[in-house]
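Please look over the structure below. Some questions and answers about the chain follow.

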Amino acid sequence: MARMNALKGIALQIGATFVFTIMAAMVRIVSERIPTGEVVFARSFFALFPLLALLTLRNEISAAVRTANPLGHVLRGIIGVIAMSLSFSALAFLPLADATAIGFTAPLITVALAAAMLGERVQLYRWAAVAVGLGGVVVMLWPHMSGGFHTRESAIGATCALVGAFCTAGAMVQVRRLTATETTAAIVFYFQSLAAVAGLATAAWGWVLPGWGDAALLLTIGLLGGVGQILLTESYRFAPASVVAPFNYSAMLWSLLLGFLLFGEVPPLMVLTGGLIVIGAGLFVILRERHGGGAREEDAAAGPPGGPAN
């Protein structure tokens with residue numbers, strides 16, 4: 001029975017990463033014509049529909065709107081919206097696989113931020129993994145920042161992706177604080193709602209009226225974001241985080257496949273090598289702690305670690 005549950009959790013995690021990667025590919029397509037704030041609004045607002053449907057089905061609406069820390073949700077919303085905006089901006093400038101790989105640094109950065117901001121005790125092997133992972137970041141960023149691609153856009157995209165990863169890590173730390181008093185449903189609901197409001201506020205800086213094709217893409221981006229969040233959350237119901245979390249890195253395979261099929265993108269060797277170093281460091285931490293505990297509520301509430309799906 002436990003094994004069956006574990007397999008179901010793994011399948012849900014892989015499904016979530018696939019859905020989020022499709023969503024990221026759509027963001028990359030639509031970002032050529034639609035302002036980032038408008039995409040953030042669509043991603044967050046339309047994601048509320050599948051989320052509210054699930055909460056209604058489970059009679060958890062009251063748990064989702066009940067909060068003892070409204071200001072904590074606002075802070076998480078601000079950090080998360082900045083992270084999402086930067087991640088979406090990175091997708092407009094970088095190949096899909098490059099943006100995904102750089103986003104994987106967020107969990108490693110979280111280790112350092114949790115130690116500094118929450119006073120968490122971090123063991124030596126985790127610091128070693130962070131150092132190795134950051135070395136992988138340097139390898140990934142080198143072609144973008146050294147002029148190897150000969151484009152200013154490439155450097156902008158790499159910077160957005162890296163700063164976005166730092167903000168994602170900050171959002172994860174804030175989610176850990178919120179789980180002391182808040183339910184997963186409340187954390188997810190308030191973030192999506194606040195992000196939708198923040199995205200809507202950017203209309204004052206000039207939205208565009210999308211055509212039917214772009215409107216359909218924006219709607220689908222939001223729905224996929226909501227479905228992906230549900231699949232991710234459900235995966236942690238069926239298996240410990242140490243079991244399902246490694247399969248989040250399947251996003252790299254999906255991004256390579258979709259990047260090639262949709263955009264004809266083939267990442268350079270240095271980006272792939274750096275990405276593998278970061279993934280290896282992340283997997284080392286997960287596997288090293290595999291026997292140390294089960295799933296944590298913040299894993300489901302924080303959203304996918306790294307990437308543009310916060």
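**Alanine 251 and the chain around it**

Q: Does alanine 251 count as buried or exposed, and what is its relative accessibility?
A: Buried means under 20% relative accessible area, exposed over 50% and partly exposed in between, with a 1.4 Å probe and protein chains only. Alanine 251 falls in the buried class because its relative accessibility is 10%.

Q: What kind of model is this, and how are residues numbered?
A: This is a predicted model, in which local features need pLDDT of at least 70, side-chain atom pairs count only at pLDDT 80 or more, and totals for chains, interfaces and linings use all residues. Side-chain values use heavy atoms, without hydrogens and water, and residues are numbered along each chain as its sequence is written, from 1.

Q: Which helix holds alanine 251?
A: Helices are DSSP runs of H or I with at least four residues, numbered from the N terminus. Residues 250–263 form one of these, and alanine 251 lies in it: helix H13.

Q: Which residues is alanine 251 in contact with, leaving aside neighbours within four places in sequence?
A: Contact means heavy atoms within 4.5 Å. With those neighbours set aside, the partners of alanine 251 are Thr17, Thr21, Thr100 and Phe104.

Q: Why is helix H6 described as largely enclosed by the rest of the structure, and how many of its residues are buried?
A: Helix H6 covers residues 96–103. Thr100 and Asp98 are among its buried residues. Helix H6 is largely enclosed because the buried count is 8 of 8.

Q: What percentage of the chain's residues count as buried?
A: The chain has 310 residues. The buried share of them is 54%.

Note on methods: Helix = DSSP H or I, 4+ residues; strand = E, 2+ residues; numbered from the N terminus.
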